[in-house]
Amino acid sequence: MTEYVRVYLPATLPALAALKERGELEPPSEAHAVTPTLREWYAEGDDEELEYVAFTRAAQGALRLLRDDPKAPRRRVVVSVDIPTQGVRRHGDQELGSSLVWVLGAVPLSAVAAVHVDGADAEGDVAAAADVVVEAIAGDPDAQFTVDGAEDHELEWYDPSELGQLV
């Protein structure tokens with residue numbers, strides 16, 4: 001029996017349109033999952049808390065994607081996928097607490113468990129956060145405050161069958 005791992009992929013709404021059109025996502029440049037180093041860092045955390053950390057980091061990754069694509073609507077997107085364990089490798093960054101993983105290949109639509117997207121009410125905060133996310137990562141406290149404002153918005157949950165309504 002094949003074992004699967006839940007992986008969280010940062011994305012944008014144009015990436016969702018490509019997923020709908022092509023039936024797969026290109027191999028992602030960033031992916032997050034519950035890794036051994038994340039478990040070690042959050043020794044007291046249960047599985048649900050660890051999944052939330054990985055999910056939140058993917059949402060931060062979506063901010064970086066938005067910064068790189070100024071034409072994309074200012075909504076964070078996280079695609080939750082279930083991938084066979086042999087399709088996922090540990091990332092070279094094995095810093096304590098890291099959730100980074102490599103996904104080895106394109107991700108088919110059939111692997112998508114859920115799609116998470118910011119609501120329209122988050123667009124202003126997400127736009128501001130996307131503009132300063134790199135500075136926040138570098139330690140700028142004002143930029144981090146702006147990013148935290150976007151993180152105050154919970155991403156909405158969508159079934160993969162609702163993909164057509166999102167794009």
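Guide: In helix H4, the residues Val126, Ala129, Ala130, Val133 and Ala136 are buried, where buried means under 20% relative accessible area, exposed over 50% and partly exposed in between, with a 1.4 Å probe and protein chains only. This is a predicted model, in which local features need pLDDT of at least 70 and side-chain atom pairs count only at pLDDT 80 or more, while totals for chains, interfaces and linings use all residues. Residues are numbered from 1 along each chain as its sequence is written, and side-chain values use heavy atoms, leaving out hydrogens and water.

Visitor: What makes H4 a helix, and how do you know that its span agrees with its 15 residues?

Guide: Helices are DSSP runs of H or I with at least four residues, and strands are runs of E with at least two, numbered from the N terminus. The expected span is 1.5 Å times one less than the number of residues, so the 15 residues of H4 (residues 123–137) should span 21 Å, and the end C-alpha atoms, 20 Å apart, agree with this.

Visitor: Which helices do the buried residues of H4 pack against?

Guide: They pack against helix H3 (47–68) and helix H5 (141–151), contact meaning heavy atoms within 4.5 Å.

Visitor: Why are E4 and E8 called paired strands?

Guide: Two strands pair if DSSP finds at least two bridges between them; strand E4 (residues 77–84) and E8 have five bridges, in the antiparallel sense, and therefore they meet the definition.

Visitor: What makes strand E8 mostly covered?

Guide: In E8 (residues 112–117), five of the six residues are buried.
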